[in-house]
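User: Hi, I'm new to this one. Can you walk me through a few spots?

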Amino acid sequence: MKRYWTNGVKWAIILAWAIPVLGFAQADGSGLSAKAGENKRWGYENKGEKSGWWQKAATLSNNGILGTGISFGNQLDDILHVGYETEWAIPVQYEKVAKRFGENLAGVQLNGRVGFIDRYNRFIIEPQFEPVDKLEGFSRGLAVVKKDGMYGFIDKSGRFVIPPKFEWAENFEENDLAAVKMDGKIGAIDLKGKIVVPCKYKLKEMMTKLPTSNKLYKETAKKVKSDRDNGVYDELLVKIDEAGKASDALILDSLYRTSVPADSLWSVPMRYEEIARVGDGFALVAQDDKWGVVDHYGRLVISCSFDMIEYMPDSEMFAVYKDESVGLYSRTGALLVPPSYDRIEPFVGGTSVGWINFEHGQIGADGLVMDDLLDRAFAKAVVYDEAGLHSEARVQYKKILCIDPTYAMVHNNLGIMDIEGESFKEGMNRLKIANKLDPENKEIEANLKQAKKDRRERRWNRVEQGFMTAANIIGVAAGTALAVDAVKNGGGDAASIGQAVNSLASGDVAGYVSATSNMSLAAHANDGGGYAGADYSSGGNSGGGGNNCAFYRSEIKRLSSRLAHGTEANAGRKGRAAGMNKAHSISPDLADGASASDYRVIHSSDRLNKTYAKSLEQMQQKAIKAGCTF
């Protein structure tokens, strides 16, 4: 199957110069643009080059297929990004942000204090300055900040180069001049903080742009340039440059992490119902029975909208669970792939294992499939579809599109299902998308022509591609793996091939799923540890469920381990709290008892452990129902 990537005159003059340009610009080639979220908080959207899942999603964006004249109406969210319209490189979490990054840094306001972050959302300069009306990045190696009610300029180490002594100020321009205010009037300073244009103007534009009054400013700019060329500022520029190099070294180091303070210095807001620390400066928090993630600054890294969240410290990722599906977020809170897999195992060496409908395959650090997992999942969905299990088929199709929005044959089959269900507009849109994604696919082309030609009498050939895919998988992928296994090791269940083919021919869903599950397990049985974290040693049909049982056993093992670890850790916390209380009762002046914060963490951890216990119980019940032993 081929897939394509689409991938008064005076005052009028003054006002004309004073009107700001609307919209948020990008700088430094970062592609990041400030944007407000629904909660009135600010973050940064990636408007630059797309990668991973977002590259696939962009194929269906307004610059891609949706820009070709196809009308989608209320179906837009479902088709476009499965509900994810904005790629937040830095999630909405700040009260205010700079419109653009300047010299790789942007000013942000958090909990009433201003600091400077890089594009990975790391505080290069900690939040410590007072709020201002307009936040900026850096310019000429300096940034304007406010302290004790006055404005000054810091270098990239956070050290004041020009003390805070102005009533107002803006960043330096390219001409090495910065507008400042003293005694209610505007003037300009040079890099040394010396007033070189007297503070006598009512508006900055009168000083810099108005032809009748900007002569002094323009002459001063020429003098400052001459002084710079003659070395007047050399000593100062060296110091500014040294601070800049030290900062830039941190920014360029992708492994750099800000230090995590002691628990007592965390700034997590009290609005959350539960808080459970998970390491590396992160804590899981609950609000209205939904979980999210905060860091020690109190920034909401992942919104409280998931049923459960797990932190994977080795890969610095978060697995998020929603409606029995799991997706991935990075440590900065950037979405890697929406909740779509049935299971994602811990990463080892940059790769992991993803499960869909008891099929498993290798996935990369970007959350995307690295093998034929989606093709195998598609083949099963086709069998469900042809057996009349349309709701089950639709669920599987949607899972595939969540992972790969550009899978043309899924759009094709969903389009046919919609048309057969008399949702003609939705069905036609799906077929148009499929045709745009894979214009050389004759089956899709024929279905689209047929749908246009006759809306009443339709004969579809939709199952052919699905069967061809399934046959290729059975006859080539699984068959080759089994044959090689049989020749080399005397192993392999060749009978499963015949069973699968016969099941396809007769429409036996249970037989087909069982056969292909067994072959999937056998084909991956000797992968030599490439699938991290799962126990497939039982193989075959032992325990009564084949690959299904392998999945259940692996999940039960993971949840049991998580529950045991969490219970043990919280028992230690309770013991320490009891010891502190006992010491306090003996010597109240020398020892403090456990604090309310200590008990809050204990209570939250107990609740999180109960969540794991409930998930474990549900998984055990599913395994028993499937006839599996564990």
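**Helix H7 and beyond**

Analyst: Helices are DSSP runs of H or I with at least four residues, strands are E runs of at least two, and both are numbered from the N terminus. This is a predicted model, where local features need pLDDT of at least 70 and side-chain atom pairs count only at pLDDT 80 or more, while totals for chains, interfaces and linings use all residues. Residues are numbered from 1 along each chain as its sequence is written, and side-chain values use heavy atoms, with hydrogens and water left out.

User: How many residues of H7 are buried?

Analyst: 12 of the 14, so H7 is largely enclosed by the rest of the structure. Buried means under 20% relative accessible area, exposed over 50%, and partly exposed in between (1.4 Å probe, protein chains only). Among the buried ones are Arg376, Phe378 and Asp385.

User: What comes just after H7?

Analyst: Gly388, which takes a positive phi of about 85°.

User: New topic: where does Leu105 lie?

Analyst: In the loop between strand E4 (96–97) and strand E5 (106–110). Leu105 is buried, with a relative accessible area of 0%.

User: What is Leu105 in contact with, leaving aside neighbours within four places in sequence?

Analyst: Its contacts (heavy atoms within 4.5 Å) include Ile117, Phe138, Lys156 and Ile251. Leu105 and Asn121, 16 residues apart in sequence, are 9.6 Å apart in space, C-alpha to C-alpha.
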